Amino acid sequence: MRIYCAKDYYHASRVAANIISAQVIMKPDCVLGLATGATPVGTYEQLVRWYEKGDLDFASVHSVNLDEYRGLSAEDEQSYRYFMNSHLFDHINIDKKNTYVPDGMEPDAAKACSAYDEIIRSLGGIDLQILGLGHNGHIGFNEPGSAFEKETHCVRLSRSTIEANARFFDSIDRVPREAYTMGIKSIMQARKVVVIVCGESKREIVRRAFFGAITPEVPASVLQLHNDVILVGDEAALADCL
Ligand code: GLP
């Protein structure tokens with residue numbers, strides 16, 4: 001694992017955006033695995049700036065997102081599809097037809113998830129997967145206790161994740177209780193993984209995930225077994241890792 005420690009969120013976002021840019025430049029028809037949450041917002045802003053300068057071309061890029069709330073439509077402002085459109089896709093020249101997010105409106109979970117696995121397979125797998133890190137060690141929506149061998153599946157969100165994500169909703173009661181998420185196996189099959197971690201509140205879980213025991217109780221810890229992981233963070237989050 002390589003670690004890039006930047007002094008703050010802005011600079012960590014630039015490092016992550018640089019890695020994504022390098023991927024897009026080296027392989028213009030690459031498949032990017034994308035993440036939501038507050039952490040990658042700065043990375044996406046940086047990519048948009050470089051696109052606007054003319055440095056990047058997303059015309060042949062495909063993307064697959066990690067997860068989506070079950071029951072939220074693309075038009076719902078809290079859906080991850082809406083997040084991706086508003087933070088990235090609406091501002092760059094990616095063809096929206098080439099961007100994939102699990103279908104939160106498909107009530108048949110098995111169908112939604114197997115269709116998503118099929119999309120990832122038909123694209124030839126993920127070249128570069130971007131990840132954030134939940135405070136309980138979740139990646140995507142793979143909560144503590146998730147089996148490592150799962151591909152896309154439906155999960156019940158843990159209480160701590162519902163509480164953490166309530167900040168994006170009018171009230172905690174509106175946070176969906178379920179989501180469709182790529183599984184640990186889907187994530188581990190990506191050829192390269194970039195995990196972005198920022199802020200003091202992530203410090204403890206970063207230490208446990210990357211320097212503690214590999215256990216389903218800390219889903220991100222499995223990344224210690226991946227042979228091409230880059231951990232990008234700020235000094236606050238990486239304080240125990242340097
Ligand atoms: C959500 C997402 C994750 C994300 C995590 C951390 O639960 N499903 O993909 O990594 O939150 O979010 P944040 O970056 O806001 O701390």
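Which helices and strands each supply at least two residues of the lining of the largest pocket? In this predicted model, the elements in question are strand β4 (67-69), helix α3 (80-87) and helix α5 (159-165). Among the contributors to the lining, α5 gives the most, with four residues.

The pocket itself may now be described. The space within the largest pocket amounts to about 590 Å³. Its lining comprises 32 residues, and those lying nearest the centre are T36, G37, A38, N165 and R167.

Helix α1 spans residues 9-26 and helix α2 spans residues 41-53. The two pack at an angle of about 60°, and their axes lie 8 Å apart. Because angles from 65 to 115 degrees count as roughly perpendicular and those under 35 degrees as roughly parallel, α1 and α2 are therefore classed as oblique to each other. Their crossing is right-handed.

The residues that make this contact can be traced on both helices. On the side of α1, the contact is made by Y9, Y10, S13, R14, A16, A17, N18, I20 and S21. Taken together, the residues of the contact of α1 with α2 comprise eight nonpolar, six polar and two charged.

Definitions and conventions. Residues are numbered from 1 along each chain as its sequence is written. This is a predicted model: local features need pLDDT of at least 70, side-chain atom pairs count only at pLDDT 80 or more; totals for chains, interfaces and linings use all residues. Side-chain values use heavy atoms; hydrogens and water are left out. Axes are lines fitted to C-alpha atoms, for helices over the stretch in contact, and angles run from 0 to 180 degrees between N-to-C directions. Angles under 35 degrees count as roughly parallel, over 145 as roughly antiparallel, 65 to 115 as roughly perpendicular and the rest as oblique. A crossing is left-handed if the near helix is turned anticlockwise from the far one by less than a right angle, and right-handed if clockwise. Contact means heavy atoms within 4.5 Å. Ala, Val, Leu, Ile, Met, Phe, Trp, Tyr, Cys and Pro count as nonpolar, Asp, Glu, Lys and Arg as charged, and the others, Gly among them, as polar. On a 1 Å grid over the protein atoms alone, a cavity is a set of points where a 1.4 Å probe fits but cannot get out, and a pocket is an open set with protein on both sides within 12 Å along at least five of seven lines; lining residues have an atom within 4 Å of a point. Grid points are joined across faces, edges and corners, and a volume is the space filled by probe spheres set on the points.
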